[in-house]
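This report walks through one protein model for a reader who has not seen it before. The sequence and structure come next, and the text after them takes up a few regions in turn.

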Amino acid sequence: MAALSKDAVVAVLGAGAMGAGIALVAASAGHPVRLYDVAPDAVARALDRLRTELQGRVARGRLDPAEAEARLARIAPAVTVESLSDAMLVVEAVIEDLDAKADLLGRLQPRLAEEAIVTTNTSSLGVTELAARLSRPERVAGLHFFNPAAVMPLVEVVSGAATDPAVADILFDTAAAWGKVPVRCRSTPGFIVNRIARPFYGEALRLLNEGAADPATLDAIFRDCGAFRMGPFELMDLIGHDVNFAVTCSVYQAFFQDPRYRPSLIQKELVAAGRLGRKSGRGFYVYGDDAPAPAPHEAAAGSRPERIEIMGDLGPAAALGAMLAEAGLAGPPTAGEGVIHLDGLDLVLTDGRTATERQAASGRPTALFDLALDYRATGRIALAFAAGATSAQRAAACGLFQALGKHVSPIEDIAGMAVMRTVALLANEAADAAAEGLAAPGEIDMAMVKGANYPIGPLAWADRIGAARLTAVVDALARTCPDGRYRTAQRLRRAAITGEGLGDPAAEPGRGPR
């Protein structure tokens with residue numbers, strides 16, 4: 001199935017930041033574009049913003065001046081809905097209100113050619129429900145761009161229950177022709193990215209509520225250890241707490257108040273106080289020329305250990321063993337259960353239990369370290385100590401990792417720590433979504449990398465860590481908090497038993513469920 005011809009008119013409804021960005025994407029691909037908004041001056045403001053953006057690209061040497069003018073010239077304002085009747089593709093990007101979307105598209109669709117395609121850029125409303133309120137639901141689909149639309153590569157092509165598979169094919173190929181990375185999915189709450197990303201925000205807010213650490217420390221752990229481009233608190237500040245909270249509430253309600261998606265009272269209070277993040281000047285952090293840079297908590301310098309013993313396979317943290325050996329601090333591993341033994345202290349990668357719980361089971365003083373995507377590359381290690389840990393034990397554990405050139409951020413003894421807990425739940429959610437046929441495993445991973453800037457797809461990350469280890473983490477969390485928020489996906493549990501992979505590195509992007 002071929003992409004739309006470049007001669008095909010693209011109509012964009014809504015001239016806000018997202019609509020204007022989509023208009024620019026289509027115009028940059030060579031399409032004539034009609035930009036409409038119910039507010040008479042909104043289109044003019046949008047065109048001014050686009051002109052400034054294009055001029056900035058020219059000034060940076062990234063765009064030829066003539067091409068910048070040509071792109072802008074392809075975008076024409078539309079004064080009335082009736083003037084959009086020649087459009088072959090409509091992309092609706094108005095407010096997140098089903099009635100408003102249905103009313104506007106209901107006025108336009110009967111004026112279009114029968115083969116015209118109507119799409120919605122909604123991030124949280126159901127495509128099936130919207131299509132059911134229009135006259136040709138088989139020609140309706142979701143075309144979900146990510147903000148800023150001109151920069152972010154991902155586009156989710158969302159099929160409703162009535163969407164003609166040929167329509168999804170055309171949209172997939174058109175998005176690819178526009179230079180985007182399209183993925184297919186079914187119309188379910190949050191689609192791929194906004195559903196699977198919920199634990200990234202939700203667990204961070206829960207960690208804060210449980211007193212694990214302050215936002216700056218947790219953000220540093222997620223950036224440095226997890227290799228996420230931004231920590232969850234700075235990202236929520238960037239998105240805007242009103243927007244992030246609204247999406248969370250929408251997904252929560254759409255899943256019939258499933259506790260996995262329960263919103264946070266902390267974020268609700270921020271919204272109520274008008275502390276929306278960067279756009280209001282204050283969220284978790286304060287913004288402005290004189291605002292201090294957030295600083296993570298770090299342990300004071302400890303002493304370099306003389307010698308340690310590595311007992312057993314450290315699993316995902318095996319690189320630590322190699323680094324300790326290279327530093328002359330450890331010899332070859334001896335038999336054991338994946339423990340770094342340091343002056344009577346067991347240092348262990350978190351398995352979902354608290355350090356205190358593990359210490360009670362083993363009878364030995366215990367400290368935990370958090371997951372890292374790459375232990376060699378990370379500049380930080382997060383530690384948690386069991387109740388009763390002495391200052392000497394704390395200093396020794398910190399000194400060990402400092403001897404490897406790492407900053408050490410101690411956090412409270414919270415089940416699952418920060419990165420391991422969050423990655424386990426991201427993988428768990430992705431496994432559930434794949435089992436439900438939301439999208440193919442390869443497309444889920446691609447969506448999270450290209451749409452959410454994750455360092456690796458959650459299913460591929462699960463295969464690195466091991467499904468059995470992640471199942472143990474989620475099960476431990478469920479025992480700690482038995483309210484239904486933490487329940488292991490059946491596909492993850494099956495993979496833990498069979499040893500099969502969850503990701504699909506050989507999957508062909510774009511050929512998922514239809």
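## A residue in helix H11

Asn244 is found in helix H11. This is a predicted model. Is Asn244 buried or exposed? Asn244 has a relative accessible area of 4%, and because buried means under 20%, Asn244 counts as buried.

Leaving aside neighbours within four places in sequence, Asn244 is in contact with Arg198, Tyr201, Met236, Ile239 and Gln267. Two of these contacts, Arg198 and Tyr201, are among the buried residues of helix H8.

## Helix H8 and its surroundings

Helix H8 runs over residues 198-209 and has twelve residues. From its first C-alpha to its last, H8 reaches 16 Å, close to the 16 Å expected at 1.5 Å a residue. Just after H8, Gly211 takes a positive phi of about 80 degrees.

Eleven of the twelve residues of H8 are buried, so the helix is largely enclosed by the rest of the structure. The buried residues include Arg198, Glu203 and Arg206 as well as Phe200, Tyr201 and Leu205. Which helices cover them? The cover includes H7 (193-196), H9 (215-224), H10 (232-239), H11 (241-254), H12 (265-272) and H16.

## Aromatic residues

The structure holds twelve aromatic pairs. One of them joins Phe222 and Phe228, whose ring centres are 6.1 Å apart with 55 degrees between the planes, a tilted arrangement. Phe222 and Phe228 are buried. In another pair, Phe255 and Tyr261 have ring centres 4.7 Å apart and planes at 25 degrees, so this pair is stacked. Phe255 and Tyr261 are buried too.

Phe222 and Phe228 also belong to an aromatic cluster with Phe200, Tyr201, Tyr454 and Trp461.

## The eight-stranded sheet

Eight strands form an open sheet in the order S3-S2-S1-S4-S5-S6-S7-S8, with mixed pairing. Strand S3 (75-78) and strand S8 (181-186) stand at the edges with a single partner strand each, so one side of each is left without a neighbour in the sheet. From one strand to the next, the twist averages 25 degrees. Val158 has Cys185 in S8 as its bridge partner.

Strand S1 pairs with S4 in the parallel sense over five bridges, and Leu13 stands opposite Glu92 in S4. S1 also pairs with S2 in the parallel sense, here over four bridges, with Ala11 opposite Arg34 in S2. Five of the five residues of S1 are buried. Val9, Ala11 and Leu13 lie on one side of the strand and Val10 and Val12 on the other, so both faces are covered, given that buried means under 20% relative accessible area.

## Helices across this sheet

Helix H1 (residues 17-28) lies across S1 (9-13), S2 (33-36), S3, S4 (87-92) and S6 (140-145), and runs at about 170 degrees to S2. Helix H4 (residues 98-108) lies across S1, S2, S4 and S5 (117-120), and runs at about 170 degrees to S4.

## The six-stranded sheet

Another open sheet has six strands in the order S9-S10-S11-S12-S13-S14, and its pairing is mixed. Strand S9 (309-311) and strand S14 (407-410) are at the edges, each with a single partner strand, so one side of each has no neighbour in the sheet. The twist averages 30 degrees from one strand to the next.

Within this sheet, S10 (residues 339-342) and S11 (residues 345-349) run antiparallel and are joined by three bridges. Leu342 has Leu345 in S11 as its bridge partner.

In soluble globular proteins, nonpolar side chains tend to be buried together. In this model, the largest nonpolar core has 106 residues, and Ile192, Phe369 and Leu383 have the most contacts inside it. Helix H16 (residues 419-435) gives the most to this core, with eleven residues. Apart from it lies another core, of 42 residues, among them Met18, Ala20, Leu24 and Trp178.

What does Leu383 touch beyond residues up to four places away in sequence? Its contacts include Leu347, Phe369, Phe401, Val408, Ile411 and Met417.

Note on methods:
Residues numbered from 1 in each chain as written. Predicted model: local features only at pLDDT ≥ 70, side-chain atom pairs only at ≥ 80, totals over all residues. Heavy atoms only, no water. Core = buried A, V, L, I, M, F, W, Y, C linked by side-chain atoms within 4.5 Å. Buried < 20%, exposed > 50% of the residue type's maximum accessible area, 1.4 Å probe, protein only. Helix = DSSP H or I, 4+ residues; strand = E, 2+ residues; numbered from the N terminus. Contact = heavy atoms within 4.5 Å. Expected span 1.5 Å × (residues − 1). Pairing = 2+ DSSP bridges. Axes fitted to C-alpha atoms, helices over the stretch in contact; angles between N-to-C directions. Phe/Tyr/Trp six-rings, centres within 6.5 Å; stacked < 30°, edge-to-face > 60°.
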